[in-house]
Amino acid sequence: MNTLMELLQNRGRFIGEITDGVDVKKKILHLLAISVGSFAVYGFIMGMTNSFLQSLSSMVKLPLLYLATTLICFPTFFIFYSLFGSKTTFSKSMAYMLTAICVMGIILLAFAPVTLFFLLTSKNYTFFKLLNVLFFSVSGIVGVTFFYKMIVSVDLKEAAANSPGDGSVMSSGADFVAAQGTLPGATDKFQGNRNALPQGAWTDKFYDMGGSRNPNYGHGARNRILFFWLVLYAFVGTQLAWTLRPFFGAPGMPFEIVRKLGGNFYVDVFKSLTHLFQ
């Protein structure tokens, strides 16, 4: 409960504690529990359109959807982000990601009474399905935006914390090489050829680009990687959701744990919109 209230009212402090390494593993467990609980409650309500068995199935499949998508996409995020200079540890990165997933779950939980209301008062299955698509879209957009801003903020904080004592930050590996000492007669951008560079400077420049000494190295690249990774996460999530369907189950249809593969999520939403406005 404390973690839930922290996320609702003191997200900045909560994220700051993760950045500072305060009880990170404990926070991961709490975030997992809140996420699974939130998605399970909403999944149970979704499945009530069909049967009690569908409710139980969706209660299990909805948390599985988000956690499986995270497990599939997390290695890509961590490896590429680290490759371009991030010093964030594996456990902290996972905690940040689970924080965003938890925010999505809490937003869906907030929509749960509205979903239940329309379930009980409306018999239009297509409308109910599109209403849920809207709620999932809102929670996803809020969660993704939250994650993007959180990672960018943490990135800048770590860069500031690891910057040189005089407040200056080397902007590239070339600055690091130049800082080793200007070489007389140099004409190229690295102040001389590799044979004339101080011992170890060339290898640092070639392999590391100054990243181990320059906390600001790769910041722009990491932002671009983060953006494209979020797009990848959305595509993986929607495809996995389509694979695990049904989550609703049309009234009168027999209960199924999963359906045969065929079609895709976007075509189905388009068909539902067309049917709704006919």
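Residues are called buried under 20% relative accessible area, exposed over 50% and partly exposed in between, with a 1.4 Å probe and protein chains only. The model is predicted, so local features were required to have pLDDT of at least 70 and side-chain atom pairs pLDDT 80 or more, whereas totals for chains, interfaces and linings use all residues. Residues are numbered from 1 along each chain as its sequence is written, and side-chain values use heavy atoms, with hydrogens and water left out.

The chain contains 10 helices and 0 strands, where helices (H or I, at least four residues) and strands (E, at least two) are DSSP runs numbered from the N terminus. Of the 278 residues in the chain, 44% are buried. Among contacts (heavy atoms within 4.5 Å) with a separation of 6 or more, 73% involve residues 24 or more positions apart.

A pair of aromatic rings is described by the distance of the centres and the angle of the planes. Rings of Phe, Tyr and Trp (its six-membered ring) were paired if their centres lie within 6.5 Å, with planes under 30 degrees apart counted as stacked, over 60 as edge-to-face and the rest as tilted. The count by this rule is 16 aromatic pairs. One of these is the edge-to-face pair of Phe117 and Phe118, with 5.3 Å centre to centre and 75 degrees between the planes. Phe117 is partly exposed at 48% relative accessibility, and Phe118 is also partly exposed, at 25%.

The pair of Phe128 and Phe248 is edge-to-face because the ring centres are 6.1 Å apart and the planes stand at 80 degrees. Phe128 belongs to helix H6 (residues 125–161) and Phe248 to the loop between helix H9 (219–244) and helix H10 (265–276), so the pair ties together parts that are 120 residues apart in sequence. Phe128 is buried, at 5% relative accessible area, and Phe248 is buried at 12%.

One aromatic cluster is formed by Phe77, Tyr81, Phe147, Trp229 and Tyr233.

Charges over rings were assigned where NZ of Lys or CZ of Arg is within 6 Å of the ring centre and within 35 degrees of the ring normal. The charged end of Arg245 is placed over the ring of Trp242, 4.0 Å from its centre. Lys61 lies over the face of Phe247, with 5.2 Å to the ring centre.
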